[in-house]
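Work through the exercises below with the sequence and the 3D structure at hand. Each task is followed by a solution in steps.

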There are 2 protein chains.
Amino acid sequence: MELDERKTKILQAIIKNYLETGEPVGSRTISKYTDLNLSSATIRNEMADLEELGFIIQPHTSAGRIPSDKGYRFYVDAMMLEHEKEVEQLKDVLLEKEEKLDHMLKQAAKLMAVNTNYATMVTAPRSSRNVLKFLQLSRMDASHILAVIVIEGNVIKNTVIDVAESLNDETMLKLNILLNTHLNGLSVEEINLGLITALKQQAGMYGPIIEEVIDAVAETIKEDEDLEIYTSGANNIFKYPELSDNQKASDLINAFEEKQLLTQLIDDTNTDGKNEIKVYIGEESPIQTMKDCSIVTANYEFGDGMRGMIGIIGPKRMDYDKVVGTIKTIKSQLDMMYKKDED
Amino acid sequence: MELDERKTKILQAIIKNYLETGEPVGSRTISKYTDLNLSSATIRNEMADLEELGFIIQPHTSAGRIPSDKGYRFYVDAMMLEHEKEVEQLKDVLLEKEEKLDHMLKQAAKLMAVNTNYATMVTAPRSSRNVLKFLQLSRMDASHILAVIVIEGNVIKNTVIDVAESLNDETMLKLNILLNTHLNGLSVEEINLGLITALKQQAGMYGPIIEEVIDAVAETIKEDEDLEIYTSGANNIFKYPELSDNQKASDLINAFEEKQLLTQLIDDTNTDGKNEIKVYIGEESPIQTMKDCSIVTANYEFGDGMRGMIGIIGPKRMDYDKVVGTIKTIKSQLDMMYKKDED
DNA sequence: TATTAGCACTCGACCTAATTGAGTGCTAAC
DNA sequence: GTTAGCACTCAATTAGGTCGAGTGCTAATA
């Protein structure tokens, strides 16, 4: 049996209706709503076929049909090809105000949540190459030195180092030159034990300070790895009864609070370099506790090999059209952000 | 009518039982559970009195009694006097590992959540005096200057400033000296427009840079104001049916995600300088959406006039004893943290 | 051959009434 | 002052009944 044009139309009608109502849809509804001019009986026959093909499911004997994961997948694939929809009202909202990066990302997450009524997430851009760009020690007061570390992509990190006795200007200058000449432009992998030992030797009695600085550098990189994730609209899940029973809601909220789980999504999105919009439907989700959800994600580019991820999480019957449009818009705004910075 | 000893015992028995079960408790239960050796009829008489006094409530005619807010209040006050309980297993968990402040606070929130099964929050310590401690400009690359700003309490902030043309070492030194001699040790309030104008004049053609630096200082202070809040265990609310109906759960989750609302709690806790443990029961809560909850908070001291807040939020029938113990323990650990840093 | 009308059937949703049982207040006896 | 006993209340549960949306199947129709 094949999926001919009429079956396709019926399938799409079923899904579209289900997306709106969240209720199983019956043959009579389709017969009346569509312009196919077919009786409910004919629709019933076709629906039986569609069920056999695995696109729709009957939750119980005397109920209408709801889309299966396979049905959603079909619908989404068709939509992605067809539409290049943009959500107009979001355009340039982000670009309008110049703000700090973290505020902006938080804002992006919120915008998406308000616009779609689903839960959203945005990760801070993360560099794939970890190259040390700038490093400086300053004397803060008699017993504290401030180390400022900048890595590629302008991730900045500060560490305060305790010292037993005050260092004079000349020593500070010497240490700064020593560190910068040897470390600048190196990636983390290149800063190995041999190099560290050599540096410590040259620093003489100030070896321990060098060690602390290097530790701080290492930690900067590490910190960059367990990255910041901004979420918004987690409470939107309560708008969808199919997600708001106690167990499911608890699991979802937990995922959003812990954020640890969400990183799986990032890895998954990242490995695929194609830089497109990805849609996970139900069982396709890489996150166990989201088997009842659909997830739409995309990467955004921040130049310098930096990239972050945005994502929307909602019920399987989400408004894919709108969600994909929203994601696209926000993605392009974030992409532009960097280019604007370049000027 | 007075609250004699027997009434007190009965009231406490009712509350204790209700805390465990979450169900209205009847006269027969009290008659059997306590060692008062009174019949259910007698208990009934006393319960009628207790209801008249406002300590307990009958949710409907033929049900047992549940504690009113006043009843909880009585119970909590009595407990606070009596007990100086410590939660042993938590001792020194935080102190054991030396970690970065934000990790540690996140950990503290998590510890409390796991230990109590309620939702918890921890705010980063915040300075009440905003004094500029250290300020330094460095040339990062040809077109970017890095400004490092440290305020009292070692809150550090970086800003990258774009410049049209590269500045030479001498100019950088001059700007640094200019800024430090005039601004160090000043509070934000003292950095007024007159001072800024004078500085800009002295900086000559580099006035715009001075302006950007001052802007960054202002923002550091501001950012310090919309402070970091770490939460954990928000999904614990699903363990308590009285909080997990859709509307309430949604509101609570929202409060925990937005965090904006939680700041009310901080202000309230802070104004009272007594630095004790505070318990808000039901209607006493400063947060509208938490009228069905109880909230226990405490401040912790981080020296230098820095203080943060920890809090636990749960149902009115929370295990106050345990919660207060947990809060006390975590508070003392955080208090110690700073003292340990001092060494 | 494809489509449609008709019909018997299924089954969750909803309504109602009856039953249950925990708990109460009151009264009279101890 | 305490207690036993009893009538009463009322939410929660159960059981039975109806309703209606939806189905599959069959026979008639275009």
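The exercises that follow concern a predicted model, and they go from salt bridges to helix packing and then to strands.

**Exercise 1. A salt bridge in chain A**

Task: Find the salt bridge that Asp4(A) forms with Lys7(A), and state whether each residue is buried, partly exposed or exposed.

Solution. Step 1: the closest N and O atoms of Asp4(A) and Lys7(A) are 4.0 Å apart. The cut-off for a salt bridge is within 4 Å. Step 2: Asp4(A) has a relative accessible area of 37%, so this residue is partly exposed. Step 3: Lys7(A) has a relative accessible area of 6% and is therefore buried, the limit for buried being under 20%. Step 4: both residues belong to a network of salt bridges that also includes Arg6(A), Glu46(A) and Asp49(A). Over all chains, a search of the whole structure gives 33 salt bridges.

**Exercise 2. The partners of Arg73(B)**

Task: Describe the salt bridges of Arg73(B) with Asp77(B) and with Glu284(B), and say where the partners lie in the chain.

Solution. Step 1: between Arg73(B) and Asp77(B), the closest N and O atoms are 3.1 Å apart. Step 2: these two residues are separated by about one helical turn, because they lie 4 residues apart in helix α4 (residues 69-82) of chain B. Step 3: in the salt bridge of Glu284(B) with Arg73(B), the closest N and O atoms are 2.6 Å apart. This pair links distant parts of the chain, 211 residues apart: Glu284(B) sits in the loop between β9 (278-281) and β10 (293-301) of chain B, and Arg73(B) in helix α4 of chain B. Step 4: the relative accessible area is 22% for Arg73(B), 37% for Asp77(B) and 35% for Glu284(B). Arg73(B) is thus partly exposed, as are Asp77(B) and Glu284(B).

**Exercise 3. A covered strand**

Task: Is strand β3 (residues 119-123) of chain B mostly covered or mostly open, and what are its partner strands?

Solution. Step 1: β3(B) is mostly covered, with 5 of its 5 residues buried. Step 2: Ala119(B), Met121(B) and Thr123(B) point one way, Thr120(B) and Val122(B) the other way. Step 3: β3(B) runs antiparallel to strand β11 (residues 306-315) of chain B, joined by 4 bridges; Ala119(B) stands opposite Ile313(B) there. Step 4: β3(B) also pairs in the antiparallel sense with strand β8 (residues 229-232) of chain B over 4 bridges, where Met121(B) stands opposite Thr231(B).

Notes. Residues are numbered from 1 along each chain as its sequence is written. Chains are lettered from A and ligands numbered from 1 in the order in which they are written. This is a predicted model: local features need pLDDT of at least 70, side-chain atom pairs count only at pLDDT 80 or more; totals for chains, interfaces and linings use all residues. Side-chain values use heavy atoms; hydrogens and water are left out. A salt bridge is a side-chain nitrogen of Lys or Arg within 4 Å of a carboxyl oxygen of Asp or Glu. Buried means under 20% relative accessible area, exposed over 50%, partly exposed in between (1.4 Å probe, protein chains only). Two strands pair if DSSP finds at least two bridges between them.
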